[in-house]
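Subject: Structure for you to look at

Hello,

Here is the structure I said I would pass on. Please open it beside this message and follow along.

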Amino acid sequence: MKELKNLSVCGKLETLLYTENFISVVNDDIIEIEESNVEAGEDKLKKIIIKDIPHNKEGQIIWRINFEEYITGLSKIERTSTVETVLAILEDSVLNICLIEMKTMIKEKRDKSTLLNLKRKIEDSISRFYYLLCMGIPLKPGECKQVGINVDWEKFNNSQTKFCGVVCYNKERTKNYVERRETQRMYEILKGRARNNLILCDSNLTRLNIPLKFFKGSGEFFEIKFQEIRKLFGHKHR
């Protein structure tokens, strides 16, 4: 039986992730994110459209990671849940990671908390990204012939990683009910009452504050400019 060298295994896995659309390089000024578990009915948020993406900016590379795409051995396991899409932006030795989720309705009741679910999704997504990052797979396109772009690997290897969360939604029914301590901060951000928009997240490797922004829309489609997302990375981690 022929044995595979570790480098060969990593290369095959990396190629698989690109060819199966788990990871892709953004080469257009617009991307569309569709709800994976879409439900029928009026006013259901089904798609986020991000516009004016500077995909050809010199010294910057943008990857899209589809956590909802099923890959055997890498897809989410029981008791974990992840955001719809992740954008990874490498620029000036900083790797900015934007975790994007969509919700038609945000509810806060005794038996159901959308905010708590969102917080867990963000934390699980950070943990999952760390695994991919440590494997050296998602952001090594210089070694993947099918991608065809060049990355200064030393620059990436010494880069700082920063996270932010973006939630697009249509409606919310939270009233003034806040009993869960772990979601009170998110509730204040949602209502516009927080002094800043930082939330504390616990991943399996780190505990860190990340900026979180709620964008309210209406109907099936929500459009947002890339620059609105980019603004969130102005916050320093504490």
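Which residue of β6 does Ile89 stand opposite? The residue is Asn96. Before going further, please keep in mind that this is a predicted model.

On one hand, β5 and β6 run antiparallel and are joined by seven bridges. These two strands make a hairpin, with two residues between them. Asp92 sits in that turn and has a positive phi of about 55°. On the other hand, β6 pairs with β7 in the parallel sense, over 13 bridges. Strand β6 covers residues 94-107 and is mostly covered itself, since 12 of its 14 residues are buried.

**A three-stranded sheet**

There is also an open sheet of three strands, in the order β2-β3-β10, and its pairing is mixed. The edges are taken by β2 (31-34) and β10 (221-225); each has a single partner strand, so one side of each is left without a neighbour in the sheet. From one strand to the next, the twist averages 20°. Strand β3, residues 47-51, pairs with β10 in the parallel sense, and five bridges join them. To find this pairing on screen, look for Lys51: its bridge partner in β10 is Lys225.

**Positive phi values**

Most residues other than glycine have a negative phi. Asn21 is not a glycine, yet its phi is positive, about 70°. Asn21 is found in the loop between α1 (6-19) and β1 (23-25). Its relative accessible area is 38%, so Asn21 is partly exposed. Asp52 is another residue other than glycine with a positive phi, in this case near 55°. Asp52 belongs to the loop between β3 and β4 (60-65). With a relative accessibility of 48%, Asp52 also counts as partly exposed.

**Aromatic rings**

How many aromatic pairs does a search of the whole structure find? The search gives five. One of them is the pair of Phe22 and Phe67, which is tilted, with 6.2 Å from centre to centre and 40° between the planes. Phe22 is in the loop between α1 and β1, while Phe67 is in the loop between β4 and β5 (85-91), so this pair ties together parts that are 45 residues apart in sequence. Both Phe22 and Phe67 are buried.

Tyr169 and Phe214 have ring centres 6.2 Å apart and planes at 85°, so they form an edge-to-face pair. This pair links distant parts of the chain, with Tyr169 in strand β7 (residues 160-173) and Phe214 in strand β9 (residues 207-216), 45 residues apart. Elsewhere, Phe129, Tyr130 and Phe163 form one aromatic cluster.

Charged side chains also lie over aromatic rings. Phe67, already mentioned for its pairing with Phe22, has Arg128 over its face, at 4.6 Å from the ring centre. Lys213 lies over the face of Phe215, at 5.7 Å from the ring centre.

**A buried lysine**

The last item is Lys119, in helix α2 (residues 114-135). Why does Lys119 count as buried? Its relative accessible area is 11%, and the cut-off for buried is under 20%. Which residues does Lys119 touch, leaving out those up to four places away in sequence? They are Glu182, Met186 and Leu200. For Leu200 there is a further detail: its backbone oxygen lies 3.3 Å from a polar atom of the Lys119 side chain.

Regards

Note on methods:
Residues numbered from 1 in each chain as written. Predicted model: local features only at pLDDT ≥ 70, side-chain atom pairs only at ≥ 80, totals over all residues. Heavy atoms only, no water. Pairing = 2+ DSSP bridges. Helix = DSSP H or I, 4+ residues; strand = E, 2+ residues; numbered from the N terminus. Axes fitted to C-alpha atoms, helices over the stretch in contact; angles between N-to-C directions. Buried < 20%, exposed > 50% of the residue type's maximum accessible area, 1.4 Å probe, protein only. Phe/Tyr/Trp six-rings, centres within 6.5 Å; stacked < 30°, edge-to-face > 60°. Lys NZ or Arg CZ within 6 Å of the ring centre and 35° of its normal. Polar contact = N/O pair within 3.5 Å; in protein donor to acceptor, adjacent residues only side chain to side chain. Contact = heavy atoms within 4.5 Å.
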